[in-house]
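Take a look at the model first, then read on.

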Amino acid sequence: LYYVRDKLKAGYSTTKVSSREVAILLDFTVIRADVVPAFKRSGGGYFIPNGKSGWQATNPDYHPRVISEADDALDNRLKPLIRLMKFWNHANGHHLRSFHVELMVWRMWKDLTSLPAYSHAVAQSLGAMSGWLRGAFPDPWDGGGPVDGYLSLDTRAMVRRMLDQDAKAASEAEDYRKAEKTEKAFERWGVV
């Protein structure tokens with residue numbers, strides 16, 4: 001990563017070039033670009049830096065394809081649900097990587113042909129995500145490893161508690177909504 005960064009600095013001497021965990025940031029003032037060194041992997045995909053002085057396998061064609069296929073099967077309602085869950089993650093401290101959230105939501109709904117109301121789907125997704133943080137969450141692509149290897153035990157436990165609490169509040173909100181107690185439903189959703 002630093003080798004590539006240094007080469008880019010030499011080639012773009014008037015541009016700010018810095019390195020982050022897995023990418024080099026080129027700041028051209030008007031536009032920013034992330035550059036990720038990648039090497040073809042036998043069996044498909046690529047190796048990219050993992051942010052811990054090592055490499056991780058990735059397949060940038062696989063994941064968007066399976067998510068799009070599931071979104072199509074769910075009448076284009078999966079991607080909006082994924083965005084809702086990413087917003088939940090961001091609003092609650094952004095402890096989970098966006099890719100991890102995306103794959104957990106995809107896993108929850110990928111085999112169905114319809115989604116319930118978004119409020120119900122969010123409540124169910126929160127509960128499922130908590131369960132999947134109990135152990136390693138595998139990448140659905142055969143060449144990938146665990147998606148959640150970045151989480152420390154403490155962070156994993158904290159996020160599980162948050163998900164459990166919010167799943168409970170969301171479930172209560174849904175019960176209130178079904179009972180047409182809208183004000184109470186909004187109060188519970190406010191907790192989430």
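## Ground rules

Two residues are in contact when they have heavy atoms within 4.5 Å. This is a predicted model, in which local features need pLDDT of at least 70 and side-chain atom pairs count only at pLDDT 80 or more, while totals for chains, interfaces and linings use all residues. Residues are numbered from 1 along each chain as its sequence is written, and side-chain values use heavy atoms, with hydrogens and water left out.

## The chain as a whole

The protein chain has 7 helices and 6 strands, where helices (H or I, at least four residues) and strands (E, at least two) are DSSP runs numbered from the N terminus. Reading from that end, the order is α-β-β-β-β-β-β-α-α-α-α-α-α. Its C-alpha atoms fill a box of roughly 65 × 35 × 35 Å along the principal axes.

Of the 192 residues, 38% are buried, meaning under 20% relative accessible area with a 1.4 Å probe, protein chains only. Among contacts between residues at least 6 apart in sequence, 48% join residues at least 24 apart.

## A closer look at His63

His63 sits in helix H2, which covers residues 62-73. Is His63 buried or exposed? His63 counts as buried because its relative accessibility is 5%.

Which residues does His63 touch, leaving aside neighbours within four places in sequence? The contacts of His63 are Phe99, Leu103, Asp139, Pro140 and Trp141. Glu102 is 39 residues away from His63 along the chain, with 9.5 Å between their C-alpha atoms.

Definitions and conventions
Buried < 20%, exposed > 50% of the residue type's maximum accessible area, 1.4 Å probe, protein only.
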